[in-house]
Amino acid sequence: MTYLAKPRLHHPTLAKNRVGYTRRDYEGKISTLCAGCGHDSISAAIIQACWELDIEPHRVAKLSGIGCSSKTPDYFLGNSHGFNTVHGRMPSVLTGANLANRELIYLGVSGDGDSASIGLGQFAHVLRRGVNMTYIVENNGVYGLTKGQFSATADKGSKSKRGLANNDTPIDLASLALVMGATYIGRSFSGDKAQLVPLIRGAMAHPGAAVIDVVSPCIAFNNHSGSTKSYDYVREHNEAVNRLDFFPQREEITTEYGEGEVIDVRQHDGSILRLRKLHAEYDPGDRVRAMAYVQEHAARGEVVTGLLYVDNEACDLHQQINTVDQALNALSAAELCPGSAVLEKINASLR
Amino acid sequence: MQKIEAVNDFVIKFANINGSGSASANELVARAILRMGVPVSPRNIFPSNIQGLPTWFEVRVTERGYLGRRGGVDMMVAMNAQTWDQDVREIETGGYLFYDSSRPLPRSRSRDDIHVIGMPLTELCNNTYSDPRQRQLFKNILYVGALAHLLDIDASEIEKLFGQQFKGKEKLLDSNIQALNVGRDYARENLKPIGLKVERRDKVGDHIFVDGNTAAALGCVYGGAMVCAWYPITPSSSVAEAFIRYTQKLRADPETGKQRCAVVQAEDELASIGMVIGAGWNGARAFTATSGPGISLMSEFIGLAFFAEIPAVLINVQRGGPSTGMPTRTQQSDILACAYASHGDTRHVLLFPEDPYECFEMSAQALDLAERLQTPVFVMSDLDIGMNQRLCRPFAWDDSAEYDRGKVMTRDALDAGADFGRYLDVDGDGIPYRTYPGTHPTRGGYFTRGTTKNAYAGYSEAGPDYVENMQRLLRKFETAKSLVPLPVLTAARYPARFAVIFYGSTSPAMHEALDALAEDGIYLNALRVRAFPFQNEIADFVASHSKVFVFEQNMDGQLTTLLINEAGVEPHSLVTVVHYDGTPITARFITHEIADRVAHLNVHPLKEDRVA
C-alpha cells in the first residue's frame, strides 16, 4: 500500500462515460492490501466495468463479508454505500438489502474463506434463491488476514507456506454454483483484465444470481512452491519467505491468450498458472455439460475460465415471491397499513 | 362423597393423543362457553411430536376473567391410556373423571374421592360409523356433546360454531351435528348430573380471542413491516405464518395483485437475521420471529446491528432453555441473552408484552423504535402468550398516527449542504442521521462497519474514536428510556411495604394472586415492567418498599440480575421467586409463595400505620 493520498482533482481531459463520470469517479479509497495483491486488480476491473457500463456509482450497493477480499469494497466506488458485514454471512445481508430496494445494483465481494469455508451455506442458498446480484469471489486458497491458513478451496496436496500439506478435498465454487442454480457463472484470473472486465460487465447486466470465481494470487501467504494458487516466490525472493512482514513492490500480473488454448501463464516471478480458454463451440447455456466439462478439466489439473454458464431466461427472487415493482422501502404508510376499519373487521372475526 | 360445585369457575383438562383430532374438538368447548358470555382461558400443553405422544388441553372457565393458569383440575376428560394414572392423580378431591368406558376400568386404577363418569365412546362410535378415521374423529365430538349436556353448554352455540367452520361443506356439517347429538342424547339418558355448570353471562364484552403470535404478526402488518425473514422454530413459527396469511390479503396491490412486502424462509437463523439487517440497512422495516436457540445463533449479527446502528425487530417467542431447550414448554429465560446479546459491550432494547393485545401493540411499536433508535429491538413474548388463544382487548389503531422512520437524511438535505456524519451526534441524543443507499450521486455515501470507524464513518482504529462512539451509544441507550413503554403500577388498597415486580405472561396469574392475597389481608404494590432499558420509576418503586418480590419464569432470576445491573436498585431489597418447570406460572403458586414469605418477614411487629 501507499501512504500518498490520491489527488482529488481530475485531469480535465479525462474521458467521460454516457452518464458523465470519468473512470476516476468510480475509484474509492487507497487500498491497504499488500502491493501486488491480485484483489487490487479485481477492484480495478470492477471500476473499469462500472465505468464502461455507464452505471451511476451511487446506484450500486456493495457488500462484503470479512477478510482481505471483503476489505476491497472500500477501494472502489467511493460514493456508493458499502457494508462490511460479518464473516461468511454477506449473502443474507445482500438478500435483505435487495428485498428492500430492487432498484439498486447489488455487488457482493467475498473470498474463498468467506464463501467456501464459514459461508458455504449462505453462498449456496443465495444462489438457490436467485437474488439479482453480482457475486465476486476473490479466490486465493488461503486466509490472508489471519496469516496463511488453508481455505476450503486449497487443492488437496498443496502446501502451506509453513510446508504443511492440505489433506482436504477442495471446494470448486464454480461447480457448486452450477449445482445450486446460479444463472450466470464465470471464472477468471485477477491478472487477466481482458477476460475479467467483460465477465463482470455481463454479470452486472444479468437479471439474476451471477457468480464470478476469480483466482487471485496472495503474494504474501500463498506465494511459494507447492501451492497451486500461488507463484513461485521462493526461488526469486528467498529472503522474503523468512521475513514475513516485508513485501517488495510488484507489478500487477496480466495475461493475454487466444481462444481454445491451454496457456501456461508464466509470471514475472517464474511461477506458472495453467489456464484454459473455453472451446469456441462450448455452449454456456448447457448447465449439465458445463458441470462435466469443468470437472473433467479439473481432474487434469487445469482451471477452466471464462463464462461457464448463463441462463438467458433467468428470473430473480422478486419475481418468484411476486413483490410489487417499486422499491419496498419507498412504500408509504397508506400502502402498508390496512387501517382501523379493516382492523375492526379482524377484531369481529376473532370474537 | 364431597362433590365440587361451581358455576362458571372451574378447570377442565382434556388428556388426548397428539394427532387424534382432539385439538379442534376441545377448542370447540372453549369457544362455545365464550359465546355464552363467560370468559375462558385455554392452554395447550403439547409434546414435540406430530402424532402419538400425549397432549393436554386445559380450559379454565372463569367468570371473574382470571386468564392465568389456576392450577388444579376439577374435571379430567381422560382419553389417553398412556397418561391415565398421572391424569387421574391430578384431579382435585370431589372432582370428576370422564372416560371412555368401552373397555372395563380396573378399580385399582381409579380413586375413591372423585366422581367417575364412564361413557362407551368407542362403542357408540363403532355402532354409528364404519370409516376408521370417522370413528376416531367423531369420538371427540361425541364427548363434546356429552360435556355440553353435563355442563349445560348451549348446544346451539356449538352448532353455530360448526356452521362457521364447515361453511360450504354441508356434508361435514351434518355429520358433526349428528355426532354431537349422539353424545348429548347418550349423556341425557345415562349420565348423572354433575356439580360444574356454565351459565350464560355478559362478561366477555368486546374482547377478542386470539393467540399472541397471530397478534404479533398483525402488529407487524400494521406497523409497516416490509420484509420478514424467518426460520421455522417452535413456538415462533406461527408468527411468520400468520404474517404470510394476513399480507396475502392485506398487502396485495389491488391492481396487480403483487405483494407490498417480501417474506423469505431462510436456511437458518443466521441468514434470517442477516436478511433483516440487510433490509434495515437499506431502509426497509424488517423483522424476524424466533426463539431462544435462534437468538443464540443470531448473536454475532445482533452485535453488528448494534454497532453499525441498523434497525431490526426480533420477535422472540421464548421457550424452555438452555441449549436446544424444551421446544413446547414456556419460559422467560432469554432475558439476559437478549439484553446483552453478542460479543463486545452491547445492550439491547427489550419489550415485554403481557398478552396478545400487547403483542400487537408492541410489535408495531418495535418497528418505530428500531428505526428511531437505529438498533435491534426485541419483543419478548413466550409460548404461553404466543401459542395459546387468550381473551384480550380488541386491537386498536390510530389512523392519524404516522410511522416514525427516524433520522434519515434526504437528498434535498444533502443538496442543501447538511453536514453528514453517519455517527455524528448532532442532536445530543446519541442518535445520528443515516442515509439510505442510492440517495445522492456524490454525497451521503458511506461504508458501514462494526466499530472501526470515526464519526464520519471513515476507517479508524484510533482508541479515542472508539471511546467516543461507545459513549454516544450509551447516550443513545439513555434516550431509549424516554421512548420505551413505561411500567404499569397496580397500587394496593392500603399503603404497603412489600411489593412485586413482574413482566410478560406472568401478568394474568399475578393479578389474580394479588386479589386473592388482598382477600387474606396481604396488600402489595405491583409493578409490571414493560421494557428495558429501565426507567427511573422502577428504581424509585424498589426504593420505596422494604422488600420487592420479583416473579420470573426462569431459574436464575434474569430480570432481577438485569435490575441490579442496570436500574441501580439495592440488591438486598429484591427477593426473586422463580417458576421454571415449563408450565405457565399459576395464581396459586404466586399466592402461596408470597403468603409464605410475608409470614416469615412479618415475624417482627409492623409499624402501626402499615399493613403487610
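Where in chain A does Gly208(A) lie? Gly208(A) sits in the loop between helix 7 (193-205) and strand 8 (209-215) of chain A. The model shown here is predicted.

Is Gly208(A) buried or exposed? Gly208(A) is buried, because 22 other C-beta atoms lie within 10 Å, and 20 or more are enough for that label. Its contacts, leaving aside residues up to four places away in sequence, can be named. Thr85(A) is 123 residues from Gly208(A) along the chain. The C-alpha atoms of these two residues are separated by 22 Å.

Now turn to Met180(A). This residue belongs to helix 6 (residues 173-180) of chain A. Met180(A) is partly exposed, because it has 18 other C-beta atoms within 10 Å, and the label buried needs 20 or more. Met180(A) touches Ala124(A), Leu127(A) and Arg128(A), again not counting residues up to four places away in sequence. His125(A) is 55 residues from Met180(A) in sequence. In space, the two are 7.5 Å apart, C-alpha to C-alpha.

Next comes the contact between the chains. How many residues does each chain give to it? Chain A gives 47 residues and chain B gives 57 residues. On the side of chain A, several elements supply two or more residues each. They are strand 2 (81-84), helix 3 (90-100), helix 5 (120-128), helix 12 (333-336) and helix 13 (339-349). Helix 3 of chain A gives the most, with eight residues. By class, the side of chain A that touches chain B has 21 nonpolar, 20 polar and six charged residues.

Strand pairing also links the two chains. Strand 2 of chain A is joined to strand 17 (residues 447-448) of chain B by two bridges. These two strands run parallel. Gly82(A) has Phe447(B) as its bridge partner in strand 17 of chain B.

Cross over to chain B. Its domain assignment gives four entries: domain 1 (6-197), domain 2 (210-392), domain 3 (408-484) and domain 4 (488-601). Consider domain 1 and domain 4 of chain B. Their C-alpha centres lie 36 Å apart. Their contact takes seven residues from domain 1 and eight residues from domain 4. The side of domain 1 of chain B that touches domain 4 of chain B has two nonpolar, two polar and three charged residues.

Chain B also has a sheet to follow. Strands of a sheet pair through backbone hydrogen bonds, either parallel or antiparallel. In this open sheet of chain B, six strands stand in the order 3-4-2-5-6-7, and the pairing is mixed. Which strands stand at the edges? Strand 3 (40-45) and strand 7 (115-119) of chain B do. Each has a single partner strand, so one side of each is left without a neighbour in the sheet. On average, neighbouring strands are turned by 15° against each other, direction ignored.

Strand 3 of chain B pairs with strand 4 of chain B in the antiparallel sense, over six bridges. Ser41(B) stands opposite Arg60(B) in strand 4 of chain B. Strand 4 (residues 54-62) of chain B is largely enclosed by the rest of the structure, because eight of its nine residues are buried. Strand 4 of chain B is also joined to strand 2 (residues 9-17) of chain B, by nine bridges. That pair runs antiparallel. Here Ile17(B) stands opposite Pro54(B).

Five bridges join strand 6 (residues 91-100) of chain B to strand 7 of chain B. This pair runs parallel. Tyr99(B) stands opposite Gly118(B) in strand 7 of chain B.

Finish with two helices. Two packed helices are described by the angle between their axes and the distance between the axes. Helix 1 (residues 22-35) of chain B packs with helix 5 (residues 155-165) of chain B at an angle of about 115°. Their axes are 9 Å apart, and the crossing is right-handed. Helix 1 of chain B contributes Leu28(B), Arg31(B), Ala32(B) and Arg35(B) to the contact. Helix 5 of chain B contributes Glu157(B), Ile158(B) and Leu161(B). The residues of this contact divide into four nonpolar, no polar and three charged.

Key:
Residues numbered from 1 in each chain as written. Chains lettered and ligands numbered in written order. Predicted model: local features only at pLDDT ≥ 70, side-chain atom pairs only at ≥ 80, totals over all residues. Axes fitted to C-alpha atoms, helices over the stretch in contact; angles between N-to-C directions. Helix = DSSP H or I, 4+ residues; strand = E, 2+ residues; numbered from the N terminus. Left-handed = near helix turned anticlockwise from the far one by under 90°. Contact = placed C-beta atoms within 7 Å. Nonpolar A, V, L, I, M, F, W, Y, C, P; charged D, E, K, R; others polar. Domains from an automatic or database assignment. Pairing = 2+ DSSP bridges. Buried ≥ 20, exposed ≤ 12 C-beta atoms within 10 Å, placed from the backbone.
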